[in-house]
Amino acid sequence: ALETLEKVDTIVLDKTGTLTEGKPRLTTIEVAEGVDPEQMLRMAASLEAQSEHPIAKAVVDAASERKLELVRVTDFASVTGGGVEGRADGRRVLIGKPLLHSERKTGAMDALLKKAEPLQQQGMTVVFVAIDGQAAGFIGVADPIKATTAQAIEALHDLKLSVTMLTGDNEGTARSVAGKLGIDQFRAGVEPKDKHEYVTALRNQGRIVAMAGDGVNDAPALAAASVGIAMGTGTDVAIESAGVTLVKGDLRGLVKAVNLSRSVMRNIRQNLFFAFIYNALGVPIAAGLLYPVFGLLLSPIIASAAMSLSSVSVVGNALRLRRAKV
Ligand code: ADP
Ligand code: MG
């Protein structure tokens with residue numbers, strides 16, 4: 001990974017948990033007519049209690065803050081990069097992004113979708129809840145951008161790297177986050193397999209791609225990238241699929257890794273020079289190259305000094321990396 005990072009020309013970034021805190025908080029509950037918001041939240045939280053997704057945690061936390069008791073869930077299923085479904089209190093509940101609802105043919109979604117638009121334009125993520133196949137309401141969660149992200153993006157642009165954001169989130173939320181960070185390329189509504197395909201396509205174009213992500217949904221793309229970079233705050237499967245882990249989940253670590261890689265590779269080339277220059281000079285002299293004209297041979301004392309100096313130069317030069325500005 002350290003060797004490849006030097007040559008990276010394209011950076012692909014996941015949004016949730018990578019650019020943002022990944023710890024969304026519930027900020028809005030909106031319900032369709034005749035639905036009790038607490039009741040809806042209770043059912044949603046009961047299901048989400050079984051999901052690993054950051055949005056799920058926001059929903060569960062909100063329910064426990066309101067001291068809502070969760071109910072037993074059966075037939076639970078999770079759609080990675082989409083949402084969750086199951087039965088709570090004997091009723092069929094589906095929570096997730098609009099695409100999942102249209103696949104499951106949830107009724108009466110339109111009014112809620114319209115109502116959610118302004119929230120999404122502010123960068124909020126909205127997940128929709130259906131009960132027994134009918135739209136019941138939506139839950140808006142806000143996931144603040146990490147304090148270190150803007151600086152990291154700026155530094156990546158300074159390194160002349162192409163930066164693209166991929167997210168499973170919707171267009172409006174994605175546009176808002178990308179805009180705030182000055183990321184000019186982004187793709188929204190991306191399925192986990194599309195993230196993988198996107199990275200593979202870039203590589204097929206000959207690009208050297210570093211992909212940073214944190215989620216289960218990012219793992220295939222992390223494995224497909226030239227260098228996968230996992231957030232240490234993310235899921236285990238992402239960490240296992242990646243070559244580099246940014247322990248604190250601070251994206252500035254990616255900039256550091258690229259800079260370190262550039263310094264290391266430059267240093268290795270310098271060291272190759274140091275390793276060979278003593279031999280290139282010493283061996284011909286020892287072999288008698290200068291003897292016929294100058295009567296010069298290499299004394300074994302000097303030869304062994306040169307041998308050691310070669311190591312000293314290499315190690316000394318490598319130690320400079322401790323002070324490399326990364
Ligand atoms: P990202 O690429 O931003 O990390 P994901 O691919 O994990 O996002 O999720 C994409 C979308 O799927 C989310 O924005 C959300 O609408 C929906 N989703 C995924 N998991 C859940 C869940 N457990 N509960 C509700 N919605 C979910
Ligand atoms: Mg993520």
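Helix α12 bends by about 25° at Phe276. The structure described here is a predicted model.

**Helix α12**
- Helix α12 is made up of 35 residues, numbered 252-286.
- From the first C-alpha to the last, helix α12 reaches 51 Å, which is close to the 51 Å expected at 1.5 Å a residue.

**The parallel sheet**
- An open sheet is formed by 6 strands, in the order β9-β8-β1-β10-β11-β12, and the pairing is parallel.
- The edge strands are β9 (185-187) and β12 (244-246), each of which pairs on one side only.
- From one strand to the next, the twist averages 20°.
- Within this order, β1 stands between β8 and β10.
- Strand β1 (residues 10-14) pairs with strand β10 (residues 209-213) in the parallel sense, over 4 bridges.
- One position illustrates this pairing: Leu13 has Ala212 in β10 as its bridge partner.
- Strands of a sheet pair through backbone hydrogen bonds, either parallel or antiparallel.
- Helix α8 (residues 171-181) lies across β8 (162-166) and β9, and α8 runs at about 155° to β9.

**The antiparallel strands**
- Strand β4 (residues 83-88) and strand β5 (residues 91-96) run antiparallel and are joined by 6 bridges.
- Arg87 has Arg92 in β5 as its bridge partner.
- The two strands β4 and β5 form a hairpin with 2 residues between them.
- In the turn of this hairpin, Asp89 has a positive phi of about 55°.
- Strand β5 is also joined to strand β6 (residues 125-131), by 4 bridges, and these strands run antiparallel.
- Gly96 stands opposite Phe128 in β6.

**The magnesium site**
- Which residues are the protein donors of the magnesium ion (ligand 2)? They are Asp14 (OD), Thr16 (O) and Asp214 (OD).
- These donors lie 2.2 to 2.3 Å from the magnesium ion.
- Along the chain, the donors follow the spacing D-x1-T-x197-D.
- Are Asp14 and Thr16 buried or exposed? Both Asp14 and Thr16 are buried.
- The site can also be related to the parallel sheet: the donor Asp14 belongs to strand β1, which covers residues 10-14.

Technical notes
Residues numbered from 1 in each chain as written. Chains lettered and ligands numbered in written order. Predicted model: local features only at pLDDT ≥ 70, side-chain atom pairs only at ≥ 80, totals over all residues. Heavy atoms only, no water. Donors = N, O, S within 2.8 Å, 3.2 Å for Na, K, Ca; no water. Buried < 20%, exposed > 50% of the residue type's maximum accessible area, 1.4 Å probe, protein only. Pairing = 2+ DSSP bridges. Axes fitted to C-alpha atoms, helices over the stretch in contact; angles between N-to-C directions. Contact = heavy atoms within 4.5 Å. Expected span 1.5 Å × (residues − 1). Bend = angle between axes of the 7 residues up to and from the residue.
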